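This report describes the fold of one protein chain for a reader who is new to structural terms. Please examine the sequence and the model shown below before reading on.

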Amino acid sequence: MSFPNTINVSQPDGAFHFLPCSTCSSKTRHTVLTQVASSFTDDDGEHCVSVWTRHQIVQCGGCGIISFRKGESCSEDVDHDRAGNPFHPEVEMIYPERSVARTMLRESDELPEDVMQIYEEAHKALGAGLNILAALGIRAVVEAVCAEKELSGKLIQQIDALRDHGHVTRDGADILHRVRRMGNSAAHERTAHTEAQLIAGFEVLEHMLKGLYVIPGHAAALPAHSTAAIVGPASSAASSGT
Ligand SMILES: [Zn+2]
C-alpha cells in the first residue's frame, strides 16, 4: 500500500454498521460519526489494481461508546450477492478489539494487581481472537492466584490445594483442572481452542475470582447481625418487603 491517490473526509448521513460492543455484550448498531475514505490505484499499463479504505469513527447506539472501524476492499477480491451481482467484500478491523461474547469481570479492580494484570491481558487476547494466547492466559491467571495464596508445588497440586483450603468447590477444582489441561495443550501442542471452550474457561475462572476477591469484600460491608429489632418504624417498614 502506497500513498493514497484520493482522500475524502465526510460525515455520512445515516451510515451505520452492526459491530460487537463489549459493554452491551452483543452486536449493536454503530453510527458512523466521521469517515475518511481513501483510494490507491496501481496501474502498470497491463494490470490495474485498486484498494479502497474507509477509516470510520463509530458510536454504539446502545451505550454510546465511541470506537474505530477500518474497512478495506480490493479490486482483485470479488464476491457475489444472493442475486449473483458482483461486489468487492470489505475486510473489517475494529479498535479497541473486542469479543461480543464476553465482558470483563465488573469488579476486576478489586483483584490483586498481579492477578488483575494477567486477567486483563488474557481477556484482551480472547477479544482479539488470539485463542492460543487466551488459553495460556487462563492458565496464567490460575497460577497467579495460587502464587498470591502462597500455594506451592506444580499447578496440578496448587489447584488441589485451592480445593482443600475451600477456595473452590470440588466441582470448581475439576473444571480448573480442565482449564489447566487447556493451557497445557495450548503451550505444548499450540492447540487453538474454540471461542466456546475459552468462554467456558473464563466462566469458571471469573467465578473463582469473584469468590476469592470480590464477595468477601461485599460480605464485610454487611452488618453481622440484623438490627431490625432496635431501629425505628421507617427502617422496619423498609425491610418488611425483603
Ligand atoms: Zn454498546
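Nine bridges join strand 4 (residues 48–60) to strand 5 (residues 66–74), and these two strands run antiparallel. Strands here are DSSP runs of E with at least two residues, helices are runs of H or I with at least four, and both are numbered from the N terminus. Two strands count as paired if DSSP finds at least two bridges between them.

The model is predicted: local features need pLDDT of at least 70, side-chain atom pairs count only at pLDDT 80 or more, and totals for chains, interfaces and linings use all residues. Residues are numbered from 1 along each chain as its sequence is written.

**Strand pairing**

| Hairpin | Residues between the strands | Turn residue with positive phi |
|---|---|---|
| Strand 3 and strand 4 | four residues | G45, about 95° |
| Strand 4 and strand 5 | five residues | G64, about 85° |

**A loop residue**

The loop between strand 1 (6–10) and strand 2 (16–21) contains G14. Is G14 buried or exposed? A residue is buried if 20 or more other C-beta atoms lie within 10 Å of its own, exposed if 12 or fewer, and partly exposed in between, with C-beta atoms placed from the backbone. G14 is exposed because 6 other C-beta atoms lie within 10 Å. From C-alpha to C-alpha, G14 and T31 are 7.2 Å apart in space, although 17 residues separate them in sequence.

**Helix 5**

Helix 5 covers residues 195–221, and its 27 residues should span 39 Å at 1.5 Å a residue. This expected span is 1.5 Å times one less than the number of residues. The end C-alpha atoms are 36 Å apart, which agrees. At G211, helix 5 bends by about 45°; the bend is the angle between axes fitted to the seven residues ending there and the seven starting there. The buried residues of helix 5 include L198, F202, L205 and L209.

**The whole chain**

The protein chain has six helices and eight strands, arranged along the sequence as β-β-β-β-β-β-β-β-α-α-α-α-α-α. Of its 242 residues, 19% count as buried.
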